[in-house]
Amino acid sequence: MVKHQPLQVYEKQVLLSVVTGIYGCRWKRYQRSQDNSSKWECGWFIIVCSSFLLLLVWTYFWLVAQNDFNDFNWSIYNRSGEWKDETIPILTSTTVGFTYITFLLILALFHISLGQQLNLYWVHKIGVLATLLTTVSGIVSVDDIWRDEWDILLVSLQSTAPFLHLGALVSVTAMSWLVASHVVRKERSSFQMMVLLFYIVVHLAICLAPLTFTCPCIMDRKTLKPAPAIIGRRGAPMLVPENTLMSFNRALQHGASSFEADVTISVDGVPFLMRDHTLRRTTDISRVFPDREYEDASFFNWTEIRSLNAGRWFLESDPYWTINTLTAKDRSRIGNLTVCSLVEMLRLAARANSSALLNIHKPPPEHPRFRSWFMDTLWVLQKAGISPKRVTWAPDTDRGRVRGLQQATNEKLSLDEIRQRGITSLTLDYRKISLRDIREYLTNNVSVTVYPVNEPWLYSLLWCSGVHSVSSDAPQILRKVPYPIWLMSHSAFNFIWITSDLVSITVVMGIFFFQNYHMIRWRIGGIQNYNPEQIMLSAVARRPSRNVNVMKEKLIFSDLDNGLGSSEELSLYPENSRVRFSDGGSSH
């Protein structure tokens, strides 16, 4: 009988195999290592983290930019001449890229928490670079085509900042476990101290971030003003074709109190509703007048314009994915729509006791009605029978000749300029006006209309800000917001802020204490049980050598000579027996 000493006993580690296998294609035990990661792999980990943060901001941008998808597609149309929903490929690629990078980052953090060496598989490296390159190119393209949209990030933070703060606090608190294990379980070095200092600075910055928040919805409920009136911007263009009589009727059905329309003057002096400079997008001019489809819309006479179909394009392109919600009767009516004249829209507003905001496209100098467009428009106002007080005049020209109409402008002006021009209301892009500006205008009895407002979060934000009205492409969505999405008093916000910060700090300190206490006990217990050969063997390099093998033999025989405890008893095996190792290990 010969006594054999089993040197190791392997246990199956399914989670570890899956993590290292997916991340670095290291499915076998002998492929894994607990050595420190190389600088090259640490560099790739930093690239993955940077890609995650970039994609996080990029994904957040597109989530809040849903409010302006219509304007984005219109900007693309003006450049390419083709109307397509360009947001679909962008949202798809962003979702796939963010999911992929997030998954890799989670696997990398598992590696760190399990003490495994980072070794990103080359296929993933190509995937990370491709995702990063796609995101950067998308950012550059948006900056070129849609630069003003970046302002929505700061606007949206007025609504989302308290919730983002809580999310960031939870994330940085959870990261304390990895930071503590990295700093406590290793020998102190300047790098570990830099990691610890960086973590403390980031945690402190997140805890104090609410000091910089400007959130209109943090207010006393008693001071909340009535909900802003909803203006149907070109009617209800997400449900039926824009700037048509059916569109304005549908806006009234969904709670709109006023209309906003784009007015163009025909060559024979008839004001009609058209947003684009040409008739290509919203009519069938390519079929009726194929040689004139790129011609300016104002150079057509009213008879020609009236002969065009203004609804078939909507049924064919389904620009807002709403065709399935329409009844067969609605589809039939849309298929027979024609271009709407200004007088038809004003008569509808007069019957519904509604108001109208007119954005008039002044004809070019070579247009036959260049000098008379103003009188053409005033004549239509008189013909429609609508009260002048219910019509808001937006053009900045010929204000002195307009009497009785409400004066508005799309420019952000000082109070002195507003008084000099006789302006009573402002119609401003929400990205160009701040909470301070809104309150200053309202204090001086200047009405403020903000556009475009299509999402509940933005409508709630402007509601809390006190604006009088909003211009929307989606009145059917805003009518479903009976109250601001969230409203919180200052005392409640301060309580949540301070409590969450204290809980986070307490948890982080507890994690660091637990890691440090656990490591001290492990070290003390390890030193008491180690003999000199074990200590020296653990200190030598991992690379196999003859000296290491000799030390291993000495260690084994010293244990045989000294005897083992009950938990370390040598097993008796028949001669030629082997100790088997699971999970890809070898037999001895």
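The model is predicted, so local features need pLDDT of at least 70 and side-chain atom pairs pLDDT 80 or more, while totals for chains, interfaces and linings use all residues. Residues are numbered from 1 along each chain, and side-chain values use heavy atoms, without hydrogens and water.

**Exercise 1.** Classify the ring pair of tryptophan 62 and phenylalanine 72.

*Solution.* Step 1: rings of Phe, Tyr and Trp (its six-membered ring) pair if their centres lie within 6.5 Å; planes under 30 degrees apart are stacked, over 60 edge-to-face, the rest tilted. Step 2: the structure holds 27 such aromatic pairs. Step 3: here the centres are 5.6 Å apart and the planes stand at 80 degrees, so the pair is edge-to-face. Step 4: because tryptophan 62 belongs to helix α2 (residues 39-64) and phenylalanine 72 to helix α3 (residues 69-80), the pair ties together parts ten residues apart in sequence (helices are DSSP runs of H or I, at least four residues). Step 5: one aromatic cluster includes Trp62, Phe72, Trp146 and Trp150.

**Exercise 2.** Over which rings does arginine 281 lie?

*Solution.* Step 1: the criterion places CZ of Arg within 6 Å of the ring centre and within 35 degrees of the ring normal. Step 2: arginine 281 lies over the face of tyrosine 77 at 5.9 Å from the ring centre. Step 3: arginine 281 also covers the face of tryptophan 83, at 4.7 Å.

**Exercise 3.** Is phenylalanine 110 buried or partly exposed?

*Solution.* Step 1: phenylalanine 110 is placed in helix α4 (residues 87-113). Step 2: its relative accessibility is 34%, so phenylalanine 110 counts as partly exposed.

Notes: Helix = DSSP H or I, 4+ residues; strand = E, 2+ residues; numbered from the N terminus. Buried < 20%, exposed > 50% of the residue type's maximum accessible area, 1.4 Å probe, protein only.
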